[in-house]
Amino acid sequence: MIISVMQPTYLPWMGYFALIDCSDKFVIYDDVQFEKQSWQQRNRIKTNQGVQMLTIPVSKSVSASRLIYDIMINENGKWRKKHLKSIEQSYRSSAYFQEVFPVLESCYLHDTDSLSEFNSHIIMELCGYLGIDKKIVFSSSFRCQGVKVDKLINIVKYLGADEYLSPIGSFEYINENNLFEKEKISLHYQNFRHPRYNQLHGEFISHMSIIDLLFNEGKNSLQILRSGILKHLSHEEVKML
């Protein structure tokens, strides 16, 4: 069984969904420290004026020690309507706007002030649209102990898995304390080459939110996403890069 673990990102990019697609179980890592102005509360869309960052406002009382599942959205103001309006203005001429926008609109109507729940709801709804049918669980539901690598290993063991598929960006901190082999857990890294696709507003720009792909390619999106999935890399292979 392959396990992957990622924090609940707002409107994640393609690679996030590719990681889910390559896993047997995907863990939303919501009991780790929240980072202000990170992908946990913001992401990018492409507009006719260039790249625009959409940011969810969170409670000003957030401290550096708060965990993601503790973070509350600041519902003062009309940020949901503003984000939807920006998305509509940017993608209303896209090929699949009429199909995708209602899916996204329903996500913004989800009644929660929890940042983690809001982001996770979008992730699961967009997985449904894409046709990615994988078991998704929350790390806060089983509260494994430890930090960094120790905690990841405890999560993998708790779920009864024997392989951990890591985003390649986690290599450095895993390399500091790589206990996977000692714990008899196979460690691999995601190897994702960002594919090109039809895109509005001029020259192609990669690493937008997944919704950029969905609006432009609709139900073709999963096939395009999968075209970027390459053979997983071992720890030693990543070390050689």
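**Helix packing and buried residues**

Tutor: Let's begin with a crossing: helix 3 and helix 7 cross in a right-handed way. Keep in mind that this is a predicted model.

Student: What is the angle between helix 3 and helix 7, and how far apart are their axes?

Tutor: Two packed helices are described by the angle between their axes and the distance between the axes. Here, helix 3 (residues 97-108) packs against helix 7 (residues 210-217) at about 145°, and the axes are 7 Å apart.

Student: Which residues meet there, helix 3 to helix 7?

Tutor: From helix 3 you have Phe97, Val100, Phe101 and Leu104, and they meet Ile211, Leu214 and Phe215 of helix 7. That contact divides into seven nonpolar residues, no polar and no charged.

Student: Now Lys46: buried or exposed?

Tutor: Compare the relative accessible area with the cut-off: under 20% counts as buried. Lys46 has 1%, so it is buried. You'll find Lys46 in strand 3 (residues 42-47).

Student: Which backbone oxygens lie by a polar atom of the Lys46 side chain?

Tutor: There's the one of Leu200, at 2.8 Å, and the one of Gly202, at 3.3 Å. In sequence, Lys46 and Gly202 are 156 residues apart, while their C-alpha atoms are 9.8 Å apart in space. Lys46 also touches other residues, including Ser90, Tyr91, Glu203 and Asp212.

Student: And Ser86, buried or exposed?

Tutor: Ser86 has a relative accessible area of 15%, so it is buried too. Ser86 sits in helix 2 (residues 79-91) and, beyond its sequence neighbours within four places, contacts Ile45, Gln52 and Leu54.

Conventions: Residues are numbered from 1 along each chain as its sequence is written. This is a predicted model: local features need pLDDT of at least 70, side-chain atom pairs count only at pLDDT 80 or more; totals for chains, interfaces and linings use all residues. Side-chain values use heavy atoms; hydrogens and water are left out. Helices (H or I, at least four residues) and strands (E, at least two) are DSSP runs, numbered from the N terminus. Buried means under 20% relative accessible area, exposed over 50%, partly exposed in between (1.4 Å probe, protein chains only). Contact means heavy atoms within 4.5 Å. A polar contact is a pair of N or O atoms within 3.5 Å; within protein, one must be able to donate a hydrogen and the other to accept it, and residues adjacent in sequence count only if both atoms are side-chain atoms. Axes are lines fitted to C-alpha atoms, for helices over the stretch in contact, and angles run from 0 to 180 degrees between N-to-C directions. A crossing is left-handed if the near helix is turned anticlockwise from the far one by less than a right angle, and right-handed if clockwise. Ala, Val, Leu, Ile, Met, Phe, Trp, Tyr, Cys and Pro count as nonpolar, Asp, Glu, Lys and Arg as charged, and the others, Gly among them, as polar.
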